[in-house]
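Here is a quick walk through one chain and the molecule it holds. Keep the 3D view open while you read.

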Amino acid sequence: SSRRSLLKAKAMDLITSVAILPLLVGCVGIFSLFKLLQRMHMKAYLQDAVVVITGATSGLGRECAKVFYAAGAKLVLCGRNREALEELTRELAAPSATKAQTYKPYAVTFDLADPGAIVAATAEILQCFGHVDILVNNAGISYRGTITDTTVDVDKRVMETNYFGPVALTKALLPSMIERRQGHVVVISSIQGKISIPFRSAYAASKHATQAFFDCLRAEVEQHEIEVTVISPGYIHTNLSRNAITADGSRYGAMDETTAQGRNPADVAKDVLSAVGKKKKDVILADLLPFLAVYLRTLAPGLFFGLMASRARKERKSKDS
Ligand SMILES: NC(=O)c1ccc[n+]([C@@H]2O[C@H](COP(=O)([O-])OP(=O)(O)OC[C@H]3O[C@@H](n4cnc5c(N)ncnc54)[C@H](OP(=O)(O)O)[C@@H]3O)[C@@H](O)[C@H]2O)c1
């Protein structure tokens, strides 16, 4: 009987080894086919799409312009500095390795903190290519300061650029998207739209508001076939901290260590392109630690608040010393 069971075991071994191999090959094949179809779909989605990018003069917006251009998008580049937009347009026109058909971008300058300017800019944006397929709300400013020292005017300035500006631009472009039953609204929020860290109150508040608004929008415009993607990156190596405003409204002007050690904006732009191409709804682009912090805030808020209070104490001490 021991011989019989040995034979039985050998037969089972043979069956499983024979069956597992084709099963594995099948799974890899299906996965590769899925990825190939996804890539083809993404390519078709981005080629010839009219893409508006705010904050294209610097950092992540500038890098997004490069990857969307290379993917064959018809770009409308926005910012306040026309010269910087024109320089970027010249850079994009330089010969490159892209196989996609490319188009000369338009530049539209306006201040997102000025509601009147947004209305005029919307008409100009719509005139460029006749419609908008994808709006990338990327422009933003950061803030550094203690709540007790910060004037409400500073809170409002951050809110105007990071929240009311993108909201107004999105609302102005939505009717034409709804009419065409086609459109995609993308917003570059931040990990600080999901968790608040000390001495960033105005910035974190503006990004939390952004997350909330665009989550509502996603639900409301689903019936019109309009997509909404909220992207929450961790630190990126850009001029964001240099351009940040402080408690009295003056420019911070320094490159923070956290920002200096942040991800390369060109890499983040590739992830943004991929998230848009795949029509993802909510994406966190960050290292493990900030990613875990988002879950800690929900699952163990007491622990999270304790850690933030200790971070505030440490930062205050290092500033005082
Ligand atoms: N860097 C990071 O660590 C990080 C992390 C998470 C999220 N983000 C987000 O990523 C986005 C891009 O920031 P970045 O890091 O690339 O910073 P950046 O290099 O300072 O670029 C900010 C862009 O926003 C534009 N902008 C600022 N205020 C504006 C206004 N009132 N009207 C119109 N445009 C305005 C600027 O254009 P002009 O000054 O030329 O007008 C510039 O192109 C922001 O929304 C930011 O919150 C950044």
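Which helix gives the largest share of the shell around the ligand? That would be helix α2, residues 59-70, with three residues in the shell. Bear in mind that everything here comes from a predicted model.

Staying with the ligand, there are 30 residues around it, and the ones that come nearest are G55, G59, R80, G140 and T238. Sorted by class, the shell has 17 polar residues, 11 nonpolar ones and two charged ones.

Now zoom out to the whole chain. Its C-alpha atoms fill a box of roughly 90 × 55 × 40 Å along the principal axes. The chain has 321 residues, and 35% of them are buried. You'll find 10 helices and nine strands in it. Look at contacts between residues at least 6 apart in sequence, and 73% of them join residues at least 24 apart.

Next, the sheet. Seven strands make an open sheet with parallel pairing, and the order reads β3-β2-β1-β4-β6-β7-β9. The edges are β3 (106-109) and β9 (282-285); each has a single partner strand, so one side of each is left without a neighbour in the sheet. From one strand to the next, the twist averages 15 degrees.

For a look at one pair inside that sheet, take β6 (residues 183-188) and β7 (residues 226-233), which run parallel to each other over six bridges.

| Helix | Residues | Lies across | Angle |
|---|---|---|---|
| α4 | 115-129 | β1 (50-53), β2 (74-79) and β3 | about 175 degrees to β3 |
| α8 | 265-277 | β4 (134-137), β6, β7 and β9 | about 155 degrees to β7 |

So where do the domains fall? Domain 1 covers 46-286, and domain 2 covers 292-321. Seven residues from domain 1 and seven residues from domain 2 take part in the contact between them. On the domain 1 side, the residues touching domain 2 are six nonpolar and one charged, with no polar ones. As for spacing, the C-alpha centres of domain 1 and domain 2 lie 28 Å apart.

Methods: Residues are numbered from 1 along each chain as its sequence is written. This is a predicted model: local features need pLDDT of at least 70, side-chain atom pairs count only at pLDDT 80 or more; totals for chains, interfaces and linings use all residues. Domain bounds come from an automatic or database domain assignment. Two residues are in contact if their C-beta atoms, placed from the backbone, lie within 7 Å. Ala, Val, Leu, Ile, Met, Phe, Trp, Tyr, Cys and Pro count as nonpolar, Asp, Glu, Lys and Arg as charged, and the others, Gly among them, as polar. A residue is near a molecule or strand if its C-beta atom, placed from the backbone, lies within 6 Å of it. Helices (H or I, at least four residues) and strands (E, at least two) are DSSP runs, numbered from the N terminus. A residue is buried if 20 or more other C-beta atoms lie within 10 Å of its own, exposed if 12 or fewer, and partly exposed in between; C-beta atoms are placed from the backbone. Two strands pair if DSSP finds at least two bridges between them. Axes are lines fitted to C-alpha atoms, for helices over the stretch in contact, and angles run from 0 to 180 degrees between N-to-C directions.
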